Amino acid sequence: MAVRQQGRPTTRPPTTPRRPHQDPRFLVLVLVGGALGTVTRYAIERAFPAAEGSWPWATFAINVVGAFVLGALLESLLRTGADEGWRRAVRVGVGTGVLGGFTTYSTFAVEADLLVRDGHALLAAGYAVGSVVLGVGAAVGGILAAGRFAARDRS
Amino acid sequence: MTALLVALGGGLGAVVRFVVDGAVQRRNRLSFPLGTLLINVSGSLLLGVLTGLVLFHGSPTELQAVVGTGFCGGYTTFSTASVEAGRLLLTERRWAAVAHAAGMLVASLAAAAVGLWLASV
């Protein structure tokens, strides 16, 4: 594997480290994970559509839950070892792919703007600020929960 | 069929996010994550335009599902944004965390509003 082929200048030296976002295997993981996360969000949004002029509960719940799970996942991976091998595959496939595709910032921003447009400025402000504050809080909660779990495992 | 296209759009959006974030972070000299900010603002602008086209010009709602819910939803991310701000908070960089969360919110809301406005004229 590490032996370099002499007289074959066109082959890439095997020691060149490839960055994850240039590695086709990781691109496939993100593609599949992102598709799964997105279609799950699509199904939830269709099952619980937001009524006009009301709090968009589906997007809100998706984003807060996704923030908690991503915080817990990334912290668990960090605490169990280096970002390589299966850990990197899970981080990229499940973290960047599934959870990144599951949660959405664009739908959230447009929903808040449409609430303003329809004359519900206060509701829009509550939704916008509430989502961000609870999202960050959920991420911190996930990180701390994973840390506590790891500490208990070691003792 | 629409669900399959939504999934495909979401997968492609996630891949574009992965590549853009990797490229931005590689060039980013600040100890402040910029990739997700750029992604969420540009995705909000695009979804604003798309939503405006459906609302004001009667573009098909399937377009909104596939490109909006699918591509834009897969491209932008709320979870990574929250974890980035949460990590700044936990490393005692409180003002950086507030600037990250508030800056992204204001910039994305403004971008989506500009997109809606662009599609309305």
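Start in the middle: the largest nonpolar core has 73 residues, and the ones touching the most other members are A:Val30, A:Ala67, A:Leu70, A:Ala112, A:Ala139 and B:Ala112. Helix H5 of chain A (residues 121-154) gives this core its largest share, 10 residues. A nonpolar core here is a set of buried Ala, Val, Leu, Ile, Met, Phe, Trp, Tyr and Cys residues joined through C-beta atoms within 7 Å. Buried means 20 or more other C-beta atoms within 10 Å of a residue's own, exposed means 12 or fewer, and partly exposed is in between, with C-beta atoms placed from the backbone.

Keep in mind that this is a predicted model: local features need pLDDT of at least 70 and side-chain atom pairs pLDDT 80 or more, while totals for chains, interfaces and linings use all residues. Residues are numbered from 1 along each chain as its sequence is written, and chains are lettered from A and ligands numbered from 1 in the order in which they are written.

Chain A has five helices and zero strands; helices are DSSP runs of H or I with at least four residues, strands are E runs with at least two, and both are numbered from the N terminus. Of its 155 residues, 44% are buried.

Now for the meeting of the chains. 43 residues of chain B are in contact with 45 residues of chain A, contact meaning C-beta atoms, placed from the backbone, within 7 Å. H1(B) gives the most to chain B's side, with 13 residues.

| H2(A) | A:Gly66, A:Ala67, A:Leu70, A:Gly71, A:Leu74 |
| H4(B) | B:Ser79, B:Thr80, B:Ser82, B:Val83, B:Gly86 |

By class, they divide into four nonpolar, six polar and no charged. Ala, Val, Leu, Ile, Met, Phe, Trp, Tyr, Cys and Pro count as nonpolar, Asp, Glu, Lys and Arg as charged, and the others, Gly among them, as polar.

A:Leu70 turns up again: leaving out residues up to four places away in sequence, A:Leu70 touches A:Gly95, A:Leu99, A:Ala139, A:Gly142, B:Ser79, B:Thr80 and B:Val83.

Finally, B:Glu92 sits in the loop between H4 and H5 of chain B. B:Glu92 has a positive phi of about 65° although it is not a glycine.

Methods: Contact = placed C-beta atoms within 7 Å.
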